[in-house]
Amino acid sequence: MANTELPYAADAEVSLSYDELEVLRLQYEKELSQAHVTVQTKFNFAWGLVKSPMREHQVEGVRLLQDIYRTQANRRRECLYYLALGYYKMGNFEDAKRFNALLLDREPSNLQAQSLSSLIDRSVAREGYIGMALVGGAAAVGTLLLAGLIRRARK
């Protein structure tokens, strides 16, 4: 498959409009009520949910994609990117990295997966810097408290 079939990771940050997502939801619910949801309908709805800025939509989209990934071997490749994206958007960088790495193992020149990998790495680094700043701030507060206690003990 050509890499151009999927948008670059930056494009995936754009959400569907409420009306566009509603069309996908209604189709999914219609098929669900008829006790037969096609894989394409489920994938389309999951794709729209993952692109949403709302965490509960992303969680549901990832759940649907995981179901497709587990049950439809022929659809795994196309699920990998959106699973990685969904986990990335939810802040679960470990799983995002894992699914994106599976895609890159299959398609090392996939620009979309490379782009998402860069986004994940930047987010992990940013999270690390924030963590270091919090630890540094806590250490500074602890040092000040300890110094205050030592001064009181000397008096």
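**Note on the predicted model**

1. Overall fold. The protein contains 7 helices and 0 strands, where helices (H or I, at least four residues) and strands (E, at least two) are DSSP runs numbered from the N terminus. Followed along the sequence, the pattern reads α-α-α-α-α-α-α. This is a predicted model, in which local features need pLDDT of at least 70 and side-chain atom pairs count only at pLDDT 80 or more, while totals for chains, interfaces and linings use all residues. Residues are numbered from 1 along each chain as its sequence is written, and side-chain values use heavy atoms, with hydrogens and water left out.

2. Of the 155 residues of the protein, 34% count as buried; buried means under 20% relative accessible area, exposed means over 50%, and partly exposed lies in between, with a 1.4 Å probe and protein chains only. Among contacts (heavy atoms within 4.5 Å) in the protein with a separation of 6 or more, 57% are accounted for by residues 24 or more positions apart.

3. The nonpolar core. A nonpolar core is taken here as a set of buried Ala, Val, Leu, Ile, Met, Phe, Trp, Tyr and Cys residues joined through side-chain atoms within 4.5 Å. The largest one has 30 residues, of which Phe45, Leu65, Leu83, Leu85, Tyr87, Tyr88 and Leu116 touch the most other members. Two or more residues of this core come from each of α2, α3, α4, α5 (76-89), α6 (93-106) and α7 (111-154), and the largest share, 9 residues, is given by α5.

4. Leu85 is placed in helix α5, and it counts as buried because its relative accessibility is 0%. The C-alpha atom of Leu85 is separated by 6.4 Å from that of Ala96, although these two residues are 11 residues apart along the chain.

5. The largest pocket. Its volume is about 180 Å³. The search uses a 1 Å grid over the protein atoms alone, on which a pocket is an open set of points with protein on both sides within 12 Å along at least five of seven lines, and lining residues have an atom within 4 Å of a point; grid points are joined across faces, edges and corners, and the volume is the space filled by probe spheres set on the points. The lining has 14 residues, and those closest to the pocket centre are Ser17, Tyr18, Leu21, Ser52 and His57. At least two lining residues are supplied by each of α2 and α3, with α2 giving the most, 4 residues. By class, the lining has 7 nonpolar, 5 polar and 2 charged residues, where Ala, Val, Leu, Ile, Met, Phe, Trp, Tyr, Cys and Pro count as nonpolar, Asp, Glu, Lys and Arg as charged, and the others, Gly among them, as polar.

6. Gln58, a polar side chain to check. Is Gln58 buried or exposed? Gln58, which is found in helix α4 (residues 55-71), counts as buried because its relative accessibility is 3%. Its side chain reaches the backbone oxygen of Ser52 at 2.6 Å. If neighbours within four places in sequence are left aside, Gln58 is in contact with Leu49, Val50, Ser52, Pro53, Lys89 and Met90.

7. Ala35, a backbone angle to check. The phi of Ala35 is near 65°, a positive value in a residue other than glycine. Most residues other than glycine have a negative phi. Ala35 sits in the loop between α2 (18-33) and α3 (39-51), and it counts as exposed because its relative accessibility is 71%.

8. Leu16 and Leu32. Leu16 is found in the loop between α1 (9-12) and α2; leaving aside neighbours within four places in sequence, Leu16 is in contact with Leu21, Leu24, Trp47, Gly48 and Lys51. Leu32 lies in helix α2 and, at 48% relative accessibility, counts as partly exposed.

9. Gln114. The place of this residue is in helix α7, and Gln114 counts as partly exposed because its relative accessibility is 32%. With neighbours within four places in sequence set aside, Gln114 is in contact with Leu104, Pro108 and Ser109.

Notes: A polar contact is a pair of N or O atoms within 3.5 Å; within protein, one must be able to donate a hydrogen and the other to accept it, and residues adjacent in sequence count only if both atoms are side-chain atoms. On a 1 Å grid over the protein atoms alone, a cavity is a set of points where a 1.4 Å probe fits but cannot get out, and a pocket is an open set with protein on both sides within 12 Å along at least five of seven lines; lining residues have an atom within 4 Å of a point.
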